[in-house]
Structures are given as structure tokens and as C-alpha cells.
Amino acid sequence: MKKNVTKPISLVVCYLLLAAAVAVCGQSGPAGGAAVKQFETRCGWFSNPTPANIWLYDREAEWTIGAQGGYQVEGDWDWPSFKDGQWTETNGRYGYGCACMRLRVDRRTREVLEIKSVRARPLAACRRDPSLKKWKRYLGP
């Protein structure tokens with residue numbers, strides 16, 4: 001009689017363990033999973049070439065802050081306070097500057113998820129950084 005009961009119980013236990021493993025592995029974490037990190041400081045070219053189009057180009061990647069008709073970072077955030085000589089106009093008042101931003105990003109999609117703070121820097125700081133030279137063609141004339 002014991003043999004008849006032991007086999008079904010073993011099968012049920014194995015099934016429950018397998019179901020638990022699938023449930024744990026299949027759970028989704030925060031948006032982007034491991035691609036999303038906590039706040040970090042990123043410095044580079046802050047580009048706003050046209051309305052609603054905003055990017056940060058740093059040593060690692062092109063980060064989308066906003067794309068007209070597409071993705072826009074949520075929430076209110078302060079624009080970098082560029083002083084005279086820290087902003088290069090390429091299209092009327094639109095253009096680019098050098099900035100550091102404290103933000104959260106999704107590394108997979110290269111989108112900025114949240115902006116905590118911003119700080120304008122002299123243009124020379126970005127011009128001197130060899131890792132930022134590759135982005136010059138995206139900034140305009």
C-alpha cells in the first residue's frame with residue numbers, strides 16, 4: 001500500500017517545486033529589469049536641437065530625454081541654467097550645452113526615466129573630453 005501512495009506524492013511534490021521555480025523566474029521586476037539602475041551622475045552634451053527633442057550624449061551612449069511625438073521623460077525637472085557662453089544656438093534658441101545630470105536610465109532602451117538634478121558646465125569641459133568627440137556630428141554646426 002505504501003508504494004501506491006509514495007509515487008503520487010513524489011509527483012505532486014516535484015510538480016509543486018517546478019511550478020514554484022517557474023513562478024519565481026517568470027516574475028518581472030522594475031521596468032527594464034537589471035537594465036534600470038538607481039540614480040547616477042552622467043555628464044556630457046545636452047542637446048535640444050528642436051522643440052521636444054532632448055538628448056544627453058555622454059561617454060557611454062546617447063540618452064533620450066524626449067523625442068517629438070514619441071518618448072518623453074515623465075515628471076517635472078529643471079532645465080540646466082546655462083550662463084552666457086555656455087549654450088551654442090544652432091536653430092534659433094535651440095542648440096546644445098555641456099551639463100551633468102543626476103538621473104535614472106534604462107540601459108536597454110537608452111531612455112532617461114527620471115531626472116533628479118541638472119548642472120550646466122562650461123562648453124570647454126565637454127570639448128576637452130576625448131570620449132565626447134564622437135558626438136560632435138549630432139550637435140549641429
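Predicted model: local features only at pLDDT ≥ 70, side-chain atom pairs only at ≥ 80, totals over all residues.
Mentor: Start with Asp-129: its relative accessibility is 16%, so Asp-129 counts as buried.

Trainee: Where is Asp-129 found?

Mentor: In the loop between α2 (123-128) and α3 (136-139).

Trainee: And which side chains does the side chain of Asp-129 make a polar contact with?

Mentor: Arg-59 is one of them, at 3.2 Å. Ser-131 is another, at 2.7 Å.

Trainee: New topic. How many aromatic pairs does the structure hold?

Mentor: It holds 10 aromatic pairs. Among them is Tyr-57 with Tyr-138: the ring centres are 5.6 Å apart.

Trainee: Why is that pair stacked?

Mentor: The planes of Tyr-57 and Tyr-138 are at 20 degrees, and stacked needs an angle under 30 degrees, so the pair is stacked. The pair links distant parts of the chain, with Tyr-57 in strand β2 (residues 53-58) and Tyr-138 in helix α3, 81 residues apart.

Trainee: Tyr-57 first: what does it count as, buried or exposed?

Mentor: Buried, because the relative accessibility of Tyr-57 is 3%. Tyr-138 has 38%, so Tyr-138 counts as partly exposed.

Trainee: What about Trp-135 and Tyr-138, what kind of aromatic pair do they form?

Mentor: A tilted one, with 5.7 Å centre to centre and 50 degrees between the planes. Trp-135 itself is buried, at a relative accessible area of 10%.

Trainee: Which residues do ring pairs link into a cluster?

Mentor: Phe-46, Trp-77, Trp-79, Phe-82 and Trp-87.

Trainee: Last one. What sits over the ring of Phe-39?

Mentor: The charged end of Lys-116, which is 5.0 Å from the centre of that ring.

Methods: Residues numbered from 1 in each chain as written. Heavy atoms only, no water. Helix = DSSP H or I, 4+ residues; strand = E, 2+ residues; numbered from the N terminus. Buried < 20%, exposed > 50% of the residue type's maximum accessible area, 1.4 Å probe, protein only. Polar contact = N/O pair within 3.5 Å; in protein donor to acceptor, adjacent residues only side chain to side chain. Phe/Tyr/Trp six-rings, centres within 6.5 Å; stacked < 30°, edge-to-face > 60°. Lys NZ or Arg CZ within 6 Å of the ring centre and 35° of its normal.
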